Each structure stands twice: as C-alpha cells, then as structure tokens.
Amino acid sequence: MCFLVDRRRTTRSSKPAAGICSRCGACARVADMETTTRFCYVPVYRKTWRAIICTFCGALLKSYNR
Ligand SMILES: [Zn+2]
C-alpha cells in the first residue's frame, strides 16, 4: 500500500502588478498559480488560483479565492 500524498504549487504565468512587496520592497507580480495534489504520484486534485507574489523573495502578498 502507498499513502504518499504531496502537494505542489507552481506558477503558470505572471505579469507585472502595481504594488511592492511588504517584506523586501521588490516589484510584485500577479500570477496564475496551480496547486496539484498527488496521491502516489497520480494527480487527483488540481486547483488554479490567482495571487499577487513577490518576484524577489517569493512572498505571497495576496491571494484571490475563486
Ligand atoms: Zn519580497
């Protein structure tokens, strides 16, 4: 039996957004994110969402739940 579950977050595309990072002051970007949950290496759940992220430190500044 295999009970390995992992979840990975990937950025599909991003473009410049107004605003700066509150942590490092770098430019923020609005990105289309995708979270894939895998069970035994088989993707079972996929969710796409949009977020404002920092290009420099990778901080998640704002997320939009749809
Ligand atoms: Zn930052």
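Reader: Which residue in E4 is the bridge partner of Ile52?
Author: The partner of Ile52 in E4 is Lys62. Strands here are DSSP runs of E with at least two residues, helices are runs of H or I with at least four, and both are numbered from the N terminus. Please keep in mind that this is a predicted model, in which local features need pLDDT of at least 70, side-chain atom pairs count only at pLDDT 80 or more, and totals for chains, interfaces and linings use all residues. Residue numbers start from 1 along each chain as its sequence is written.

Reader: And how many bridges join E3 to E4?
Author: There are four bridges between E3 and E4, and the two strands run antiparallel; strands are said to pair if DSSP finds at least two bridges between them.

Reader: Is E4 buried or in the open?
Author: Of its five residues, the number buried is zero, so E4 lies largely in the open. A residue is called buried if 20 or more other C-beta atoms lie within 10 Å of its own, exposed if 12 or fewer, and partly exposed in between, with the C-beta atoms placed from the backbone.

Reader: OK, what order do the strands have in the sheet?
Author: The order is E1-E2-E3-E4, in an open sheet of four strands with antiparallel pairing. Strand E1 (5-20) and strand E4 (60-64) stand at the edges with a single partner strand each, so one side of each has no neighbour in the sheet. From one strand to the next the twist averages 30°, where axes are lines fitted to C-alpha atoms, for helices over the stretch in contact, and angles run from 0 to 180 degrees between N-to-C directions.

Reader: Which residues does Ile53 touch?
Author: Leaving out residues up to four places away in sequence, Ile53 touches Ala28, Arg29, Ala31, Gly58, Ala59, Leu60 and Leu61, a contact being two C-beta atoms, placed from the backbone, within 7 Å. Ile53 also belongs to the largest nonpolar core, together with Ala28, Ala31, Ala51 and Cys54. Such a core is a set of buried Ala, Val, Leu, Ile, Met, Phe, Trp, Tyr and Cys residues joined through C-beta atoms within 7 Å.

Reader: Which element gives the most to this core?
Author: That is E3, with three residues.

Reader: Switching to backbone angles, what is the phi of Cys40?
Author: Cys40 has a positive phi of about 55° although it is not a glycine, and it lies in the loop between strand E2 (27-39) and strand E3 (42-54). With 11 C-beta neighbours inside 10 Å, Cys40 counts as exposed. Tyr41 is found in the loop between E2 and E3, has a positive phi near 70°, and counts as exposed because it has 8 C-beta neighbours inside 10 Å. Most residues other than glycine have a negative phi.

Reader: Last topic, how many helices and strands are in the protein chain?
Author: The protein chain has zero helices and four strands. Its radius of gyration is 14 Å, well over the 11 Å that the globule rule gives for 66 residues, so the chain is more spread out than a compact globule. That radius is taken over C-alpha atoms, and the rule is 2.2 Å times the number of residues to the power 0.38. The C-alpha trace spans about 45 × 20 × 15 Å along its principal axes, and buried residues make up 8% of the 66 residues.
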